[in-house]
Amino acid sequence: MSSPLLKRLGAGLILLLSFHAVAQVPGYMGRRLTLGYSLNCFPSLLGPATYGSSGLNATHGFNLEYIAGKKTNVCASFQLLKTGVYETGGYALENGEAEVLLQLPSKNITAGLKFFSKSAQFSPIGKYNKFELMVMFSDLAYKGKTLYSYKDFALLFTMGRQRVVFNRLVLDGGLQFGFLPAGYLGGLFNSVEPGYEYHYAVRERLFRHQLFNLHLGVSFLTL
Amino acid sequence: MTFTISTFRIAFALLLLPCIAQAQFDKNYTPISSSGTLPEEFIKTARAISEEDVRTVANESDRRAKEQFIIANNYFLRDLLLGGDVLVNDPLSLYVNKVADELLKNQPAIRQKIHIYVTKSSDVNAYAFDKGFIFVNVGLLAQLENEAQLAFVLSHEITHILKKHSITQYIEEIHLSTDNTYDVGSEENRVLAKYRFSKEQESEADQQGLVMMKESGYSIKALNGAFDVMQYSYLPFEILEFKKSFFEDNNLIIPDTLNLKKTSDIKSNDDYDDTKSSHPNIRKRKGAIEPDLTVSDESSRKKYIVSEDEFKKTREIARMELCRSYLINRDYVNAVYAAYIQLKKYPDNVYLKKVVGQALYNILVNKSTHKGAVETSSGAYTFDDDLSSNKYSIPDYEKIEGASQRLYYMLDKMTSAELNTVALSYVFKAHKQSPNDKVLSNLTDSLFAELVNSNSLFPGDFSKKTKAELKAKDTVKAQPEPEQEESKYSQIKKQQQQTEVATEENFVKYAFVDLLKDEEFVTRFSKMAKGLSHKPLADDTYVPPSKKKKSKKKKKGDQPLLGIDKVAFISPFYMKVRAKHGKEYVLYYESEEKQKFLSEIQEKCADRLHLQYAHISVKDLENGDIKRYNDNALINEWLSERFRHGDNNDEIVTTSEYTQRLVEELGTKYIAWTGVYNKKGKASRNTYFFMLMDIETGKLMKFETRYGRIKDTKDVITSLVYNSLMHVSKKPKS
């Protein structure tokens with residue numbers, strides 16, 4: 001992590017862990033670390049889905065969760081998504097078309113906390129609310145060639161429910177809401193960057209992509 | 001008539017029999033337990049039995065209701081049979097069955113259907129299940145006057161079975177609850193109708209029971225007393241004036257102020273209001289059968305057919321059992337009184353003396369106020385606050401009738417120090433009689449500890465000289481030498497002593513005059529006083545009490561780690577209930593399945609935590625498993641006694657005396673009990689509990705309950721059990 005922001009994020013995560021990692025956490029049968037895969041998806045109603053094809057807005061996530069308290073998990077994930085933005089300016093004119101679709105793949109890193117509800121007895125079982133901060137590293141590309149890179153951040157909130165089956169497998173389902181701050185906050189990173197003129201459209205597209213998703217996940221209890 | 005040698009032998013043996021029975025209780029008594037092989041009804045699962053029984057009502061009216069009743073009844077019966085109170089092949093059950101054999105001599109088909117057991121309950125009662133089971137409590141056996149009365153009780157219960165009264169009443173109650181004629185503001189009428197129906201059934205059982213008695217050879221005249229037994233069942237089994245001399249010796253003289261001058265008379269109310277009672281009142285019951293009590297062949301009938309000696313022996317065993325039963329039920333004054341009656345017959349019986357000592361001790365610890373830290377082993381729960389919620393208090397003596405009222409009065413009026421002194425004197429003398437008895441020895445130490453700790457009484461507080469000796473000394477020193485000046489303080493002390501000697505005040509001070517001559521008594525008392533040192537002693541062995549360490553503020557829900565290597569699991573509890581249309585239904589079959597599943601989860605979690613475990617359960621019993629059955633009974637008895645103490649760790653769990661063997665066999669003194677109560681209505685509600693107890697000391701090491709609006713899925717229950725066992729097995733950081 002080279003950026004000072006990421007260093008700060010890392011430090012924050014460690015602090016959170018130290019606050020929440022109390023003794024006597026049962027985990028599930030003593031297992032406290034989960035590794036897994038999650039899919040956040042929803043029909044693409046506003047704007048293009050993967051590179052313009054209709055269908056689902058989908059984000060694939062590889063998650064790491066640690067049961068830090070009786071009702072608290074500390075979570076981190078690496079996510080991948082692919083979407084696109086329409087451009088009606090220079091690239092469209094170059095091609096003699098009214099609009100062209102620029103590709104917008106994004107690699108995201110999230111960190112957050114998952115709080116299990118009162119009705120749940122112990123993490124990782126039962127209903128939960130999850131709060132995450134997501135840093136998005138997105139590239140704007142045209143015909144496979146990266147034009148500009150952007151960094152954005154988003155706040156995510158997930159309401160879900162988890163179960164454990166076969167004493168190993170954690171099944172997870174829920175709804176996720178994402179929010180990309182606009183205005184000054186949204187432009188916190190690289191306010192004077194190359195391709196600044198596309199950033200608003202990129203952020204708008206990412207906002208729509210993250211706004212509302214169904215969340216499905218499966219993970220393994222490891223340690 | 002010629003007497004042969006064998007006739008003499010028989011006569012001699014018959015004469016000797018009561019003496020043998022007497023000798024059995026002279027020195028000690030061992031509580032009875034089950035023996036032999038277990039009957040089929042203990043082995044079959046309630047589900048298997050229910051499935052068979054349900055088929056029998058398949059084509060009958062009210063099929064659904066009958067099925068529900070049969071299933072609920074079978075599960076209740078199973079719990080009763082395996083709960084530990086029921087005795088199998090013991091002397092009491094064998095005798096009661098002999099009486100039933102005699103009663104149904106001419107009806108072998110009926111006899112075959114009837115199964116009779118004695119239960120270790122102090123209630124003066126007997127009850128029956130339609131399925132053919134009769135349970136007779138030891139409380140009833142202790143009160144009966146003769147065998148004919150027992151036969152009448154049995155014939156009454158047999159009638160209930162033959163007439164299928166339980167299921168008929170259940171169906172009637174359902175009909176009453178749906179009967180439209182009661183619609184307008186008539187809940188009260190419904191209830192009254194229910195009681196009316198029940199009373200009719202009881203009257204029928206009395207009438208038919210009498211018919212059965214007439215068909216047997218038992219005396220009908222003897223039945224007059226049977227209703228008296230019921231009417232006065234709240235009184236002890238014998239009326240014997242309580243004398244304070246029971247606790248006294250030459251120097252321990254309990255003052256008359258603690259002796260109630262006149263005890264209240266026993267009321268004779270047999271015509272009480274029975275409108276809301278399941279049974280008619282005694283007057284009505286007596287009146288209803290009185291005209292039929294005259295039979296022409298009374299002279300040929302007998303009060304005893306099986307054996308008078310066996311009846312008396314059975315009643316004595318029941319009375320001995322009853323003493324313990326009172327202790328287990330926390331009915332301490334009754335325990336002392338019952339033992340007092342028996343000690344008149346068997347004055348050297350150690351078992352009875354232990355009952356008295358243990359009951360006095362448990363009354364005492366409830367009189368003493370324990371404030372501050374209660375000494376606990378590491379990790380045990382400490383209850384520093386007021387324990388009033390689980391405090392035992394002596395019942396109001398004004399409400400007690402008869403001779404035992406004097407004992408209630410005395411124990412109520414005694415201060416903690418007075419009771420402590422009396423109890424210690426009694427127990428130490430018993431200990432001297434049986435020096436090898438560990439219970440009496442430990443009890444002596446506990447009473448010394450109470451004396452020093454709670455009542456701040458030290459060896460120096462007790463006089464070594466009798467009042468007479470002190471009086472004589474005073475007379476000699478009555479004229480002090482003129483030049484010798486007495487200090488103000490010695491004058492005060494002298495004045496106090498003169499008052500004490502002249503009156504009965506401060507009897508405690510002179511209570512140990514004899515005992516202080518006993519080397520062991522002095523050594524143990526001094527050792528305890530030095531060890532606990534709440535008060536500076538004269539010598540330099542005084543250790544100032546260490547300052548209480550400020551404990552770190554615990555996080556909410558943070559429970560101590562106990563670092564225990566091995567536990568014994570007892571059969572878990574699981575109940576699934578469905579709430580529907582304002583009514584709740586127990587899902588018996590599912591509950592039984594889930595109970596097995598909870599047991600498996602316990603084992604898995606323990607394995608994962610490397611926690612060793614043993615089982616005390618009646619799961620999959622076989623005919624020869626009588627030892628397992630007795631072990632389970634013993635543990636249940638222990639638990640039932642311990643639960644009555646609540647979170648009060650100070651009272652002695654008297655059953656611990658008998659669980660020591662189990663501790664050695666199991667390799668652990670910790671027993672764990674887990675349970676789940678799941679109710680499914682609009683939402684699923686789950687209540688989980690876990691308990692860990694030390695069966696040697698009676699300490700509640702861990703008690704955890706968790707409630708959640710969540711389904712009782714395997715993962716939920718697993719995580720709950722794992723968490724509990726984790727706290728049990730993990731070692732605390734040093």
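**View 1. The largest nonpolar core of the predicted model.** Of its 173 residues, those touching the most other members are Ala335(B), Val336(B), Leu360(B), Ala423(B) and Val567(B). Such a core is a set of buried Ala, Val, Leu, Ile, Met, Phe, Trp, Tyr and Cys residues joined through C-beta atoms within 7 Å, where buried denotes 20 or more other C-beta atoms within 10 Å of the residue's own, C-beta atoms being placed from the backbone. Helix H14 of chain B (residues 350-367) supplies the largest share, ten residues; helices are DSSP runs of H or I, at least four residues, and strands are runs of E, at least two, numbered from the N terminus. A second, separate core has 13 residues, including Leu102(A) and Val202(A).

**View 2. Surroundings of Ala423(B).** With residues up to four places away in sequence not counted, Ala423(B) touches Gly357(B), Leu360(B), Tyr361(B), Leu364(B) and Leu447(B). Contact requires C-beta atoms, placed from the backbone, within 7 Å.

**View 3. Packing of H10(B) and H11(B).** Helices H10 (residues 224-231) and H11 (residues 282-289) of chain B pack at about 170 degrees, with axes 10 Å apart. H10(B) is therefore roughly antiparallel to H11(B), a term for angles over 145 degrees; axes are lines fitted to C-alpha atoms over the stretch in contact, and angles run from 0 to 180 degrees between N-to-C directions. Phe227(B), Met230(B) and Gln231(B) meet Ile282(B), Arg285(B) and Lys286(B).

**View 4. The chain A and chain B contact.** Here 19 residues of chain B are in contact with 14 residues of chain A. H24(B) gives the most to the chain B side, with nine residues.

Residues are numbered from 1 along each chain as its sequence is written, with chains lettered from A and ligands numbered from 1 in the order written. In this predicted model, local features need pLDDT of at least 70 and side-chain atom pairs count only at pLDDT 80 or more, while totals for chains, interfaces and linings use all residues.

Definitions and conventions:
Two residues are in contact if their C-beta atoms, placed from the backbone, lie within 7 Å. Angles under 35 degrees count as roughly parallel, over 145 as roughly antiparallel, 65 to 115 as roughly perpendicular and the rest as oblique. A residue is buried if 20 or more other C-beta atoms lie within 10 Å of its own, exposed if 12 or fewer, and partly exposed in between; C-beta atoms are placed from the backbone.
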